[in-house]
Amino acid sequence: MQLKNRYTILKMIHFSLSFNIIEIIIMSVVALLFFIELFYYLYFFNRPTAFIRKKDKKNLHFLQEYPPLSVVVYTKNDAENLEKYLPEILEQEYPQYEVIVVNDGSTDDTKDVTSALECRYKHLYQTYIPDEARNLSRKKLALTLGIKAAKYDIIVLTHANCHPGSRIWLQKIARNFIPGIDIVIGHAYMSGHTSRYAAFNRLMYTLKYLSFALLNRPYRGTGANLAYRKSLFFENKGFSQHLNLHFGDDDLFINEIAGHTNTRTELSPESHMITEYDDNYRAWKELKLQYDFTSRYLHTKAKILFPLEELAAWLFYAGTFFLIITGIFYNAVLSVIGLLLLIIHFVIQTIVYRNAAKLLNGRKLAFSLPFFTLIHPFANLYFRLLGRFSRNKNYTWGFQR
């Protein structure tokens with residue numbers, strides 16, 4: 001009797017561990033997709049966190065003496081923001097710098113506020129776009145005027161609705177301009193809360209371009225916290241190649257001038273720039289429309305690699321769910337394998353995402369991550385269609401940051 005029971009158990013185990021050819025193929029495909037996802041999260045999305053750990057070990061060389069620099073602040077009807085936030089830029093602990101406010105035809109008290117601040121801060125100057133100026137992208141024209149007015153070679157760009165995360169923001173940005181470095185890409189984030197999906201979308205967008213920059217393949221930056229040499233700007237004829245587009249002063253221009261060796265990324269907490277909006281969700285939506293619009297003009301492998309990751313994630317989830325459901329009816333081992341891969345994927349995804357959110361001041365998410373991963377491609381498609389239909393109606397969004 002005992003031998004019979006043992007034989008029955010062994011027979012059941014053998015049956016459970018025996019798979020037909022279709023099950024073997026599906027498990028192999030799901031395993032391959034699992035390792036592809038693992039590669040993306042550990043190689044790309046974890047790179048900013050790994051970079052900070054590397055920098056903490058002092059493996060990077062920085063300048064010991066800070067060069068003089070010019071901060072160019074773009075403003076359009078930002079009198080209240082200038083009054084609140086510009087002093088934080090003007091009171092940086094930095095040996096020699098100037099701040100140039102470029103007024104893009106403001107109709108509020110921007111000029112009066114800036115003039116009042118000029119009386120208090122001798123290194124503050126202002127310039128403006130003439131009312132009669134005609135240009136498709138007034139922001140590009142404004143920045144060009146500000147850069148021309150700058151008396152120092154290193155230019156740091158930001159917006160009037162931004163304020164630095166520390167008094168040594170300029171030190172952290174400027175320390176990267178060692179010989180051979182012409183561009184420094186910084187990080188900016190929205191203060192306050194936005195929707196959970198908007199937070200997920202923005203952080204993933206940021207991780208994509210930062211990971212490529214840290215792999216010496218920079219293809220875009222953020223105009224709220226960006227620095228480059230004035231000489232490089234004019235050597236490349238400024239924004240002349242994209243004057244026909246409303247946007248692109250940060251991403252298209254960086255895509256044009258950044259190379260494998262002339263760009264650095266600064267991610268220390270003290271170097272972050274904080275952007276303030278009255279409506280964070282509307283701001284995120286407008287910025288996403290702008291960046292989706294300019295993305296078609298970018299030259300980078302990221303345009304292929306990251307959509308492939310979205311496809312791999314979709315197929316992985318579909319495959320694991322198929323294994324779990326099939327296993328319930330036919331072979332429990334399939335369910336165990338599918339569930340195990342799903343759990344491991346979720347744990348790694350959560351750890352990488354939350355570490356990045358902590359580093360980049362994003363919103364920490366966990367259990368909503370798989371759902372957001374699944375809807376991400378459809379949300380991107382929705383915004384692309386929205387942008388296309390809006391442009392067909394000659395609507396240019398009117399949002400210039």
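Predicted model: local features only at pLDDT ≥ 70, side-chain atom pairs only at ≥ 80, totals over all residues.
Residues are numbered from 1 along each chain as its sequence is written, and side-chain values use heavy atoms, with hydrogens and water left out.

**The whole protein**

Along the principal axes, the C-alpha atoms fill a box of roughly 100 × 50 × 35 Å. Of the 401 residues, 55% are buried; buried means under 20% relative accessible area, exposed over 50%, and partly exposed in between, with a 1.4 Å probe and protein chains only.

Next, select helix H2, residues 21–45. Its 25 residues should span 36 Å at 1.5 Å a residue, and the end C-alpha atoms are 35 Å apart, which agrees. The expected span is 1.5 Å times one less than the number of residues. Among the buried residues of H2 are Glu23, Met27, Val30 and Leu33.

Now show the side chains of tyrosine 41 and phenylalanine 45. These form an edge-to-face aromatic pair, 5.0 Å centre to centre with 70° between the planes. Rings of Phe, Tyr and Trp (its six-membered ring) pair if their centres lie within 6.5 Å; planes under 30 degrees apart count as stacked, over 60 as edge-to-face and the rest as tilted. Why are the two residues separated by about one helical turn? They are 4 residues apart in H2. An α-helix has 3.6 residues a turn, so residues three or four places apart point the same way. Tyrosine 41 counts as buried because its relative accessibility is 5%, and phenylalanine 45 is buried at 1%.

Move on to tyrosine 205 and tyrosine 291. Their ring centres are 5.3 Å apart and their planes are at 20°, so the pair is stacked. Tyrosine 205 lies in helix H8 (residues 196–214) and tyrosine 291 in helix H11 (residues 280–295), so the pair ties together parts 86 residues apart in sequence. Both tyrosine 205 and tyrosine 291 are buried.

**Charges over rings**

Select arginine 47 with tyrosine 43: the arginine lies over the face of the tyrosine, 4.6 Å from the ring centre. Then select arginine 175, whose charged end sits over the ring of phenylalanine 62, 4.0 Å from its centre. A charge sits over a ring if NZ of Lys or CZ of Arg is within 6 Å of the ring centre and within 35 degrees of the ring normal.

**The sheet**

Finally, colour the strands. An open sheet of 7 strands has the order E3-E2-E1-E4-E8-E6-E9, with mixed pairing. Its edge strands are E3 (124–128) and E9 (263–265), each pairing on one side only. Two strands pair if DSSP finds at least two bridges between them. Strand E6 (residues 183–185) runs parallel to E9 and is joined to it by 3 bridges. Within E9, arginine 264 stands opposite valine 184.
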